Amino acid sequence: MTDSANTFKSEKNIHTDFQEKMTYGDYLQLDTLLSSQKRLSDHHDEMLFIIIHHVSELWLKLIIHEIKGAIQMIEQDELQSSFKMLSRVSKTQTQIIQAWDVLSTLTPAEYMEFRDSLGNASGFQSYQYRLVEFVLGYKTPYIMKIYKKDPEVYAILEEAYTKPGLYDVAIQALARNGFPINDTVLNRDFSKTYQRDASVENAWLRVYQDVDSHWELYQLAEKLVDIEDWFQQWRFRHMKTVERIIGHKKGTGGSSGVGYLKKVLDHYFFPELWEIRTKI
């Protein structure tokens, strides 16, 4: 008998009768999860392509869940509770970045064997990715057209599109703590992408210049910087992986591919938090 068999036999209380009990597979609905990887070609590497995108979508789901929770906590001035959620977002981002390292094992020749099977389907259309952008405050109206096919998804996105994002509630927290923030910022149209504002920059600068007096707001600012830093690293790894596999071909969804991905590298969700670093 093997050592592992002996070890199992010595565990007298391990449950083995699950005729009327919930199993691990039941709880996680593994039948549904593991039957979702359906290749459209006979190529071996299409399984890698599907699984990487499934895993990334699951991590995106957790990121959205945690950011929404953090927004609620910040609105209630429960900043310490929000920090745990925002830290979890950053840790999750490290995992989603590493997924590109696995996908990069797919060579151009291998991908071209099944790329046509995708039709016009593209990661560009990921509604959860757009939802992450929305809850972080980056709103793009033309993107919404993609999702009209699915009324349920469209409704989810539309709600997030008109609500304050993570940075908006952070700025509102600054105002509640006595920092003068322009009314045009506090009462702005949240369906528009946030634009830099001098009053917000001055407020964050004061926080960083007197950390002891504004410790929680300082921690909040650093959590936001962590998230943006990791997000930019994710974008960069995405761009380089795409370039490595398809070069400068157009994306299956019609985008310019690498060209588009390079452009979004220049966007900041929390611009003042980066601007003040030069002024501290």
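## Exposure at the surface

A residue counts as exposed when its relative accessible area is over 50% and as buried when that value is under 20%. In this predicted model, Tyr24 has a relative accessibility of 62% and is therefore classed as exposed.

## Buried segments

Leu106 gives a contrasting case, because its relative accessible area of 2% makes it buried. This residue is found in the loop that runs between α5 (79-103) and α6 (108-112). The C-alpha atom of Leu106 is separated by 51 Å from that of Asn177, a residue 71 positions away along the chain.

Helix α9, residues 166-176, is largely enclosed by the rest of the structure, since nine of its 11 residues are buried. The buried residues of α9 are Leu166, Tyr167, Asp168, Val169, Ala170, Ile171, Gln172, Ala173 and Leu174. Just after α9, the backbone at Gly178 adopts a positive phi of about 95°.

## The second largest pocket

The second largest pocket holds about 260 Å³ of space, and its lining is made up of six nonpolar, two polar and four charged residues. Among the lining residues are Lys68, Glu75, Glu159 and Lys163, along with Phe134, Val135 and Ile156.

Three helices, α4 (46-75), α7 (127-136) and α8 (151-162), each contribute at least two residues to the lining of this pocket. The largest share, four residues, comes from α4.

## Enclosed cavities

Across the whole structure, a search finds two cavities of 30 Å³ or more. The largest cavity contains about 100 Å³ of space, and the elements giving two or more residues to its lining are α4, α5, α7 and α12 (215-246). Its lining includes Leu60, Ile63, Val89, Gln93, Tyr129, Val132, Phe231 and Trp234, and by class it divides into 11 nonpolar residues, one polar residue and no charged residues.

The second largest cavity has a volume of about 30 Å³. Leu136, Gly137, Tyr138, Thr193, Tyr194, His267, Tyr268, Phe269 and Pro271 line the second largest cavity, and these residues divide into six nonpolar and three polar, with no charged residue.

Notes. Residues are numbered from 1 along each chain as its sequence is written. This is a predicted model: local features need pLDDT of at least 70, side-chain atom pairs count only at pLDDT 80 or more; totals for chains, interfaces and linings use all residues. Side-chain values use heavy atoms; hydrogens and water are left out. Buried means under 20% relative accessible area, exposed over 50%, partly exposed in between (1.4 Å probe, protein chains only). On a 1 Å grid over the protein atoms alone, a cavity is a set of points where a 1.4 Å probe fits but cannot get out, and a pocket is an open set with protein on both sides within 12 Å along at least five of seven lines; lining residues have an atom within 4 Å of a point. Grid points are joined across faces, edges and corners, and a volume is the space filled by probe spheres set on the points. Ala, Val, Leu, Ile, Met, Phe, Trp, Tyr, Cys and Pro count as nonpolar, Asp, Glu, Lys and Arg as charged, and the others, Gly among them, as polar.
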